[in-house]
Amino acid sequence: MAARHSRTAAVAATAIADRRGRGRQPIAPAAPVAFAAHETRRRATRGAQPRQTRHRAATRAGMPRYIPATGKEASQMAGRAYRPLAGVRVLSFEIAFALPAGTRTLAELGADVVRVAPPARAVGNYIGVVDGVFQRKPCVSIDLQQEQGRALALDLALAADVVCDNFRASVLPKFGLDAATLRARKPGLIVLKLSGYGSPGPWSDFPAFGPSTEAAGGMNRTIAGEEATPLRVGSGVFSDQLAGRFAALSLLAALHQRHTTGQGATIDLSMTECIAHLIGPHLAYAARHGRPAPAHGNRDRRYVPQGVYRCRGDDQWIAVSVQDDAAWARLVDLVGEPGLRDPALATAAGRWDTHDRLDALLDAWTRGFDKDALAARLQAARIAAGPVRDVRDMHDDAQLRARRAFSLVRHQPPVLGQRAHPHVNNPWVVAGRERLALTDYRWNGRDNARVLKSWLNLGDDAIRALAASGALRSAGRLVVDEPPVPRALHDPEHARRLQLP
Amino acid sequence: MRVVELSATSAGAYAGLLLAELGHDVVRVRGPGIGADGGSDRAGDDALAASRAAFLDRGRRELGLDVAARPELLVQLAAAADVVIEDLGSGGLERLGIGPRALRATPLVRLSPFGQQGPAADWLATDLVVQAMGGVLHSTGYDGEPPQKLPGDTAAMLTGIQGATAALAAVLGVEAGSDAARTIDVAAQHSLLQHWSRHVQQYAYSGLLMRREARVANGVTFPHTVLAADGWLYLLALRAPLDAMARFLGIGHLFDDAMADPAERMRRWPQVEPHFREALRARGRYEWFAAAAEVGWTFAPIEDAQQVLHGPQSVARGFVGQVRDGGAAQGAGGGWPCPRLPFTGGPRPVQANAADEPVAAAILREWLSLTDEAIATLCAAGAVT
């Protein structure tokens, strides 16, 4: 405690000197706070302007679109990459999306993540390549039906810090790779199992996809409300990605605990419970009031009106939230519609009662505008608004480009005629650091020799013997068969639009 | 692990809650400029806002602090912590008068809608605006109708998960000596982008555009959301032939060879649909769920919040605990059922709501080793509450 206190005092002294001393100017009141309604009010009364011009300039300036995968800049970046999990070994028996998304995060933080795949002659995996959740992971292919294969998998597991899987509950125990067996051999091991419904329980071994866990976890009913037909999330991978986020969180927590206490952990993660926890405030409402919370769709009693309104173009929209009465007054001035000047609308309560009419008036006004131009105009008037991004303009978003939210992943050989594609990366920007480059999908068994040498110190002869026995397999090639794309849903200009190499 | 939480939105609050439920010592600092002066986007007097607060404001001690009057106290608390999490927006911490070098000894995790830097860093945002600019909004709803928002503060809470993870990574990096980060800047927009990445990537690879689904199924595929005998059921059987599905549902006799042709299915669907819906109403949703699982299909019950809390899987896993929070309590035992962390593996307590008892003295004594006299002076001056 004494050490803590002295460090505290020293840093505090520095801070105060920094703020007050040596003739420095007080820190200028800077940017308005997004998310916080009080800043809307403060900025509005000061008449401050947002940096709209800077936003436009960045769009024009030819800012690098993607983090490069190769070349001088990429190698310089690698040297400055953030690697808090350097030295951590993760062995992952993973398929589909959820667990791979979580372990990719660990790989992006510097962990050595190895994916274990089943034996296959050739791998046809369009969605696996496209999803990108297997990137930065070498791949070994082991036949667990063979005794030698099981022994090899056990050796790899015992060489790891973390072992995880997202097969059905009954799969890995058949091969002697369950948590109890592994941790009996290595108590400090961290073992994570991810599944749709978790274990134990009557649904433990039921198969699941992300959307089915969204339904079971309460999301679909919460979006739509009690009276309407439930509505599913259209993303297709929302729950998968969420479970991946919680998997990464639980593993970081376990690694921190192990560092502190030396103890391992056995973690069982339920995708359905991840959804339920995310809508925890709605569960709390139901628990406290004995009935589900009312659903307001795009509306919110805190921000009235709030909605998604049509803009110029096919399926183009803008989201608008009026955070307080002053913002409403500014919006009324912008729209210029006499019907909006009704004094009864000056308060949020008054506006809530006539939300349908306001939505109709605003929708009639917004539909003549380009969504980006209108969002910039509303933000300039200190009204919270944003364009509804779609798959085409996501890559053009100036803020995401400034954050370098996409990394370019090189393919060898080319995939679907392109040498590289952009992929969404970890949404953290670490001061003074770069993100680790994303490396391409590795197909089954592609890294058998490299991993076995590195993790188990096996020599070439031993590796050849394992391959000869069939315990260790390697797929000859990767086949990426593109599913048919309906003409009505195909943009033939996508490669040019995204400036793919 | 000691954590200082400076939160004005659900992002920082959820990060703080997650870390507290993982067993860490989280002190939530409140005061002018930090969510306690009407500046919280979680303000509001409706019942849902109260439930949001009941869920998010659990598990950690709160310290009232007038940072403008005594900035050094916040700096001391930060220095005594292993990590600081804040969601005060772009430049929000600086506006509290905390010098940029003040927190260097302690990793700082900054959560905001768009990030600390960049052309839109200063844009005003609500959860709807972030969901829009993160793109996930565009995928949900029906074709031809406005895209539909995910409920509550989904974007902020997803950012909170990232914040808790970043905090653990930062502390582990320092303690293990593997790497030390000073500041980790997490943007909600960028976080949301991950949650519909499949659509974004399919456009990049194949030029595949995305339309929201039609409101009415036409028989080319079955409706995926239907009523069973006792509630809603989700039908997802990827790669299952429709005739096999029809046989499973007991209407196989309506699917002759001609129905393999999508055009013919569309033509006949108005006649088939009543039989389809009647067949599903013959069994309960859990019964269908179990039967489908036996043949490897991923049906699922579509549960509401009450059903999630009291469903058989939640009960078997002990997912729900009891929280006591005085007057708002509903249950006979004086508590309300509250979800635990969505993973087992260690103690899984349900943290109670912040107690009303004075904790400022205890925090200042434990964290800063202040004497009782010094604490009394600070309290008397109104600097801490």
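Student: Which residue in E14(A) is the bridge partner of A:Ser141?

Tutor: This is a predicted model, in which local features need pLDDT of at least 70 and side-chain atom pairs count only at pLDDT 80 or more, while totals for chains, interfaces and linings use all residues. Residues are numbered from 1 along each chain as its sequence is written, chains are lettered from A and ligands numbered from 1 in the order in which they are written, and side-chain values use heavy atoms, with hydrogens and water left out. Strand E4 (residues 139-142) of chain A and E14(A) run antiparallel and are joined by two bridges; strands are DSSP runs of at least two E residues and helices runs of at least four H or I residues, numbered from the N terminus, and two strands pair if DSSP finds at least two bridges between them. In E14(A), the partner of A:Ser141 is A:Arg473.

Student: Which strands stand at the edges of the open sheet that contains E14(A)?

Tutor: Eight strands form this open sheet, with mixed pairing, in the order E14(A)-E4(A)-E2(A)-E1(A)-E5(A)-E6(A)-E7(A)-E12(B). Two strands each have a single partner strand, so one side of each is left without a neighbour in the sheet: they are E14 (472-473) of chain A and E12 of chain B.

Student: Which residue of E12(B) is the bridge partner of A:Leu269?

Tutor: Strand E7 (residues 265-270) of chain A and strand E12 (residues 343-344) of chain B run antiparallel and are joined by two bridges. In E12(B), A:Leu269 has as its partner B:Phe343.

Student: What area is buried between chain A and chain B?

Tutor: In contact (heavy atoms within 4.5 Å) are 187 residues of chain A and 179 residues of chain B. By class, the side of chain A that touches chain B has 101 nonpolar, 47 polar and 39 charged residues; Ala, Val, Leu, Ile, Met, Phe, Trp, Tyr, Cys and Pro count as nonpolar, Asp, Glu, Lys and Arg as charged, and the others, Gly among them, as polar. Buried area is the accessible area (1.4 Å probe) that two parts lose on being put together, summed over both. Carbon and sulfur atoms give 64% of the total, which is about 16,100 Å².

Student: How many salt bridges does the rule find across the interface of chain A and chain B?

Tutor: A salt bridge requires a side-chain nitrogen of Lys or Arg within 4 Å of a carboxyl oxygen of Asp or Glu. B:Glu213 and A:Arg232 meet this rule at 3.3 Å, N to O. Across the interface of chain A and chain B, the count is nine.

Student: Is B:Glu21, in helix H1 of chain B, buried or exposed?

Tutor: B:Glu21 lies in helix H1 (residues 10-21) of chain B, and its contacts beyond four places in sequence include A:His277, B:Arg58 and B:Pro339. Buried means under 20% relative accessible area, exposed over 50%, and partly exposed in between (1.4 Å probe, protein chains only). Because its relative accessible area is 2%, B:Glu21 is buried.

Student: Is A:His282 buried or exposed?

Tutor: A:His282 is found in helix H13 (residues 280-289) of chain A. Leaving aside residues up to four places away in sequence, A:His282 touches residues of both chains, among them A:Thr222, A:Ala293, B:Leu48 and B:Pro151. Its relative accessibility is 8%, so A:His282 counts as buried.

Student: How many residues apart in sequence are the parts tied together by A:Asp359 and A:Arg299?

Tutor: The side chains of A:Asp359 and A:Arg299 meet in a salt bridge of 2.9 Å, N to O. A:Asp359 counts as buried at 16% relative accessibility, whereas A:Arg299 is partly exposed at 24%. A:Asp359 lies in helix H16 (residues 355-366) of chain A and A:Arg299 in the loop between H13 and strand E8 (306-310), so the parts they tie together are apart in sequence by 60 residues.

Student: Which residue of E5(B) is the bridge partner of B:Ile85?

Tutor: From strand E4 (residues 83-86) of chain B, B:Val83 and B:Ile85 point one way and B:Val84 and B:Glu86 the other, and all are buried. E4(B) pairs in the parallel sense with strand E5 (residues 108-112) of chain B over three bridges. In E5(B), the partner of B:Ile85 is B:Val109.
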